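I am opening a notebook on a structure that is new to me. Each entry notes what I looked up and what came back.

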Amino acid sequence: MARLTVTHGPDAGKAIELPPGQPQLLGRSSEAIPSSDRCMSRRHAELTPELDGGWSIRDLASRYGTWVEGTRLTQPCRLVEGDRIRCGGTEFRYGAAPLLTPGAGGDKPMPDADEAIPALAHSIKNILQGLRGGTDTVELALLRGDLDLARRGWPLVARNLDRIYSLSLNLLALARPRPLDRTPVSLGELVRDASVLARGAAERRGVRLSVEVLQAPTDLWVDHAAMHHAVLNVLLNAVEAAPAKTGMVSVHVSAAAGEAIVAVIDDGPGIDPVIAPGLFEPFVSSKGQRGSGLGLAVTRRVVRAHGGEVEWEQSHTPGTRIVLRLPTGAPDGDPDETTGPASLDPAAVDEKFR
């Protein structure tokens, strides 16, 4: 029996069996295969069984189109094993069992190598192009002895160095997650420290960055390095999203019953509805060629590992508001305590050790 596997989108990991001889509707209407994707049209696409047991798909004049292997459909298309189908913010894989491995801590599945490598190569290529442009300008300035020209070229070099550094840290965080080393920290100080690193990127883009600590919980136990990285990712995303020279990023630290809150707000164009369902998934970016799509995925993994959550407040307009919520209070048990091995069963101990 043929199968669709949801590889990206709000229903990621879901497997859908396609019963032989029964056409299937993709969309949000009551007769369609159930979907949580608000970017799908009500009647988005139709899957039709063929006489030989295969399947074809056609778009039903949907708003955002139906795509197979990156090509938008204008006529019915016969599906082959492994085809990727995209409807709204959801991507399906046809004819195979799930190709993704669920991430730790309840995260959405991670992309396989076939998807991750092209996305990474594209991000690295864009960064290198920016570095090449900046270094060419600086080199020309050195040849001419033109300090003003060098000053114009250097920010481009610095900005792309920041991007490659951030990409490297995020790749390491995704590839080699480590156990948390929790210590009591001041959330206000942690956020201020992260903002110092983000301020350089903000100044290069002419974006104002403000931090307001309304109430900083004193009983927050987190892995300082991991949480610093998570907050910095959100700050850098906001700086990139804000309009150059006129943009504004605001950070508010507060506390509510049993939780600490960090809200990061920018006045950029907001989140594209097409990518909104997968906003916190790896390699999904609202920044076009400037983004790798790893920052928010890493942030969500870190925050969830601490028992918290990251939210995009869809009602906030214009711009984007991302909120990190973390539980306060010391974790269960002493974080410095070690756990001994399980006791041996006396009956199982070899005679020579008696």
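**Entry 1**

I began with β3 and strand β4 (residues 45-49), which pair in the antiparallel sense over three bridges. Strands pair here if DSSP finds at least two bridges between them. Strands are DSSP runs of E, at least two residues long, and helices are runs of H or I, at least four long, both numbered from the N terminus.

**Entry 2: ground rules**

I noted that this is a predicted model, where local features need pLDDT of at least 70, side-chain atom pairs count only at pLDDT 80 or more, and totals for chains, interfaces and linings use all residues. Residues are numbered from 1 along each chain as its sequence is written, and side-chain values use heavy atoms, with hydrogens and water left out.

I checked the confidence next. pLDDT is the predictor's confidence in each residue, from 0 to 100. The protein averages a pLDDT of 78, and 76% of the residues score at least 70. Over residues 97-110 the pLDDT is below 50, and this stretch has 34 contacts in the model beyond near neighbours in sequence. A contact means heavy atoms within 4.5 Å. I marked residues 287-291 as well: pLDDT stays under 50 there, and the model has nine contacts for them beyond four places in sequence.

**Entry 3: the whole protein**

I looked up the overall make-up. The secondary structure comes to five helices and 17 strands. Of the 354 residues, 43% count as buried. Buried means under 20% relative accessible area, exposed over 50%, and partly exposed in between, with a 1.4 Å probe and protein chains only. Among contacts with a separation of 6 or more, 58% are between residues 24 or more positions apart.

**Entry 4: strand β1**

I went to the start of the chain. Strand β1 (residues 2-8) is mostly covered, with six of its seven residues buried. Which strands does β1 pair with? Strand β2 (residues 15-18) runs antiparallel to β1, joined by four bridges. Ala2 stands opposite Leu18 in β2. The hairpin of β1 and β2 has six residues between the strands, and Gly9 takes a positive phi there, near 115°. Strand β10 (residues 90-94) also pairs with β1 in the antiparallel sense, over four bridges. His8 stands opposite Glu91 in β10.

**Entry 5: strand β17 and its partners**

I turned to strand β17 (residues 320-327). It pairs with strand β15 (residues 259-266) in the antiparallel sense over eight bridges. Val264 stands opposite Ile322 in β17. Strand β16 (residues 309-312) is joined to β17 by four bridges, and the two run antiparallel. Leu324 in β17 is the bridge partner of Val310.

**Entry 6: helix α5**

Is helix α5 mostly covered or mostly open? Helix α5 (residues 295-305) is mostly covered: nine of its 11 residues are buried. Among them are Leu296, Val298, Val302 and Val303. Gly307 follows α5 and has a positive phi, near 85°.

**Entry 7: the cores**

I looked for nonpolar cores, meaning sets of buried Ala, Val, Leu, Ile, Met, Phe, Trp, Tyr and Cys residues joined through side-chain atoms within 4.5 Å. The largest has 41 residues, and those with the most contacts inside it are Met227, Val231, Val249, Val264 and Leu324. α3 (187-205), β13 (220-223), α4 (224-241), β14 (248-256), β15, α5 and β17 each supply at least two residues of this core. α4 gives the most, with nine residues. I checked Met227: leaving aside neighbours within four places in sequence, it is in contact with Leu190, Val222, Val302, Val303, His306 and Leu326. Another core lies apart, of 19 residues, including Ile33, Trp55, Ile57 and Ile85.

**Entry 8: cysteines**

How many disulfides are there? Taking a disulfide as a pair of cysteine sulfur atoms within 2.5 Å, I found zero. Cys39 counts as buried because its relative accessibility is 8%. Cys77, at 21%, counts as partly exposed.
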